[in-house]
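Below are my notes on the model, as numbered points. Please read them alongside the coordinates.

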Amino acid sequence: MKKCIMGLMLATFSLVAHAQNIPQLGQATIAEVVKAMTLEEKVHLLIGTGMDGIINDQPVIGETKNIVPGAAGTTYAIPRLGIPAVVLADGPAGVRISPKRENDTATYYCTHFPIATSLASTWNTELVQSVGQAIGNEALEYGVDILLAPALNIQRYPLCGRNFEYYSEDPVVSGNMATAYVKGVQNNGVGVSVKHFAANNQESNRTGNDARVSQRALREIYLKGFETVIKNAAPWTVMTSYNLLNGIYTSENGELLTDLLRQEWGFKGLVMSDWFGGKNAVRQMQAGNDMLQPGTEKQYNDIISAVKKGELDEKIIDRNVSNVLGMIVRTPHFKKYAYSNHPDLKSHADIARQAGQEGMVLLENRNNTLPLSQTSVHKIALLGSASYSLTPGGSGSGDVHSAYMVSLAEGLKNAGYEIDAETEQLYGKHIEELDEKYQDSLKQIKKLMFMSQPAPSEITMSQEILNRLSNETDIAILTVGRKSGEGKDCIPSDFNLSVDERQLIENTCRTFHAANKKVLVLLNVGNVIETASWKDLPDAILLAWECGQEMGNSIVDVLSGKVSPSGKLTMTFPVKLEDIPSTTNFPMGEHQIDNPTDDSSGFGKNWDYTDYEEDIYVGYRYFDTFKKDVSYPFGYGLSYTTFTYSSPRIVDNGRNYNVSINVTNIGDKAGKEIVQLYVSSPLNPAYEKPQRELKAFSKTRMLQPGETEAISMIIPHEALASFNQDISAWQTDKGIYSFLFGSSSRDIRLTKELRIGKQNTVPVGNILRPKTQISVFSK
């Protein structure tokens, strides 16, 4: 009924406007429409219409916010000018809207796909694009115009609470995965908002933290992925981050939003704020942050007042309004798309299942423990609280309301395996009791936005039970789980195993091995955890990540051998947290709050500001350059088969290097291989460089035993350049470059050399300089 009334109102306004010869969006030019708008209409269009559940910062107007209940925000409708409201919804792992609606018996579930880290671990851009295509279709059919995704910030440190939404520690992986996702979504005629621009690498004090980063680290690490997406996928919108960057809020930073994003990179779309991001609405308008979401009365009044006082040029308002209208004319709502509210959730679940399979990383597999033997493994001892309470994804704006989630027990039973019933009942009762306690606790406190239920505690399993299980079952599968989400960083105890978890692994392995039976550990995590101290105990370790609603089926598809694991790490697993150079420049969660400094503005280092002293040495760039031991290197992952590389070739076509190599499956099972191309710069460069850097990657098709595929990759000439901040230029040194073909950053199979005869220097803007001195980490 509400949609019918809104449609009638729009039609009436259109007739009246036509009679009065008022410009209509889509018929008149955008410039003509802007000229016909009142100042009040312009400013309304530049801010949202409010957000449900917000007590402070009341919305300016809220008539349009329930077009799609549960969506994150909407824009302001101006019917007299033919300007409809458009809908913005969260969406990194699937469209986030309310599944239930008032006075409506229908349900509006969306597919919960694997988290971004899991998708990136597939190293399969075609698959990620198909995921984006499915998510975009659900957005389209549910009436959503802009998907607030993907997030492609760098996984700078393992304790960042939002790492599950991000792809990698490496900008090449992040940029290519995000590009595939964006192309998939926007193929549906809906837009995306790539986020969080930029350097949003911690959740602690995320709205007040100043990320202090050198120009070189910004250019090579933290901005490079965004540049890739902007230039290769043309996202409709970009979302600024909450934090300050070198002393200025990103949403108020004209160097970032105008000089770099628009002038240097050529971005033509809309820039919007994160929800309630930034502090000064006038400065945001001036910097080129076109739209403020979700919109507050104060922002409206501040902008109106500044224009009337002559403190804000109305030409800036007109520029930003033009960008908003340019986005609106592309949307399904403007084009009057008749959305069905019935996307094909069944086929999308199949895509989620495949994506979950390909993102899993086999970390250990001694004596061919996996795939599970079809003749000797039938009954399973399923241990660990997380085995009975799998986490499909992170909390916050990256969450999805799906119709179901396949548990591990269900996945095993679906594949014909039997689970020990007594153990299942024991854990079931434990999980039920924890759920009841959690619900009771919610009655005592006000539930915070994005608050999620903690991971279940571990049960102390008696030796008597373990003895029985080792006698009555064929194998033990034990799951270690973690939860993470928006708004809070993890703490060291999230990285390390608890005493109970370690004891369960040790006792299970000792007991089952004494009975000549094997133990498999599953990792249901959204972030890196410690593995070095215990990885030699079980017979196999499978990193399943948080892979969405089909998780139980996806896991068992890999365990049973239905598919061979083909995922690889897009981040480094360190031996311990202290090995990471940014450890002293990251907030340690609650401990940071317990130890405030004398700084009256807050808690000081890593809270009010964070110095990126490790500079360009993030992840494998540090570990490989400084030859630091790791638990698992970047790019690592096992398969059920074996591959060899041969015949590396490099052809220079004048603009790009066309690189190719042959990959052959020499094992006895079908599988896919990921070829990673690293490049080492000439010796003795003018300034420091990492030992090697990823420049391209490609994944084979499913290769049968004995089959060979020729893999091709394209490396633009400029990809070999490093940023020389002394002269503010991208610089390619002359000399011999080594092209390294690897199965991981530490498993280089073949090398091909290339000589560059002369240095090439490309100057760019001298912008985004740190306002304070940073003690940069150095070799």
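1. Terms and basis. Buried means under 20% relative accessible area, exposed means over 50%, and partly exposed lies in between, using a 1.4 Å probe and protein chains only. The model is predicted, so local features need pLDDT of at least 70 and side-chain atom pairs count only at pLDDT 80 or more, while totals for chains, interfaces and linings use all residues. Residues are numbered from 1 along each chain as its sequence is written, and side-chain values use heavy atoms, with hydrogens and water left out.

2. Cysteines. Cys-547 is buried, at 0% relative accessibility. A disulfide is taken as a pair of cysteine sulfur atoms within 2.5 Å. The closest cysteine sulfur to that of Cys-547 belongs to Cys-490, and at 18 Å the separation is too far for a bond. The disulfide count by this rule is zero. Cys-160 is in no disulfide either, with its nearest cysteine sulfur, in Cys-490, 7.9 Å away. Cys-160 is also buried, with a relative accessible area of 0%.

3. Helix H19. Helices (H or I, at least four residues) and strands (E, at least two) are DSSP runs, numbered from the N terminus. H19 spans residues 551–559 and is mostly covered, with nine of its nine residues buried. Among them are Met-551, Asn-553, Asp-557 and Leu-559. Contact here means heavy atoms within 4.5 Å. The cover over the buried residues of H19 includes helices H13 (345–359) and H14 (408–414), together with strands E13 (475–481), E14 (518–524) and E15 (540–543). Just after H19, Gly-561 has a positive phi of about 90°.

4. Nonpolar cores. A nonpolar core is a set of buried Ala, Val, Leu, Ile, Met, Phe, Trp, Tyr and Cys residues joined through side-chain atoms within 4.5 Å. The largest one has 155 residues, of which Phe-197, Leu-523 and Leu-569 touch the most other members. Helix H6 (residues 171–186) supplies the largest share of this core, eight residues. Leaving aside neighbours within four places in sequence, Leu-569 has contacts that include Trp-123, Val-361, Leu-543, Trp-545 and Phe-634. A second, separate core holds 43 residues, including Val-43, Leu-88, Met-272 and Phe-334.

5. Packing of H3 and H11. Axes are lines fitted to C-alpha atoms, for helices over the stretch in contact, and angles run from 0 to 180 degrees between N-to-C directions. Helix H3 (residues 39–46) packs on helix H11 (residues 297–308) at an angle of about 140°, with the axes 10 Å apart. The contact involves Leu-39, Glu-40, Val-43 and His-44 of H3, and Tyr-300, Ile-303, Ile-304, Val-307 and Lys-308 of H11. Angles under 35 degrees count as roughly parallel, over 145 as roughly antiparallel, 65 to 115 as roughly perpendicular and the rest as oblique. H3 and H11 are therefore oblique to each other.

6. Leu-292. Leu-292 sits in the loop between helix H10 (281–287) and H11. Leu-292 is buried, with a relative accessible area of 0%. Not counting residues up to four places away in sequence, Leu-292 touches residues including Leu-46, Ser-273, Met-285 and Ile-303.

7. Thr-207. Thr-207 lies in the loop between strand E4 (191–197) and strand E5 (210–212). Thr-207 is partly exposed, with a relative accessible area of 35%. Apart from residues up to four places away in sequence, Thr-207 touches Tyr-242, Tyr-249 and Lys-279.
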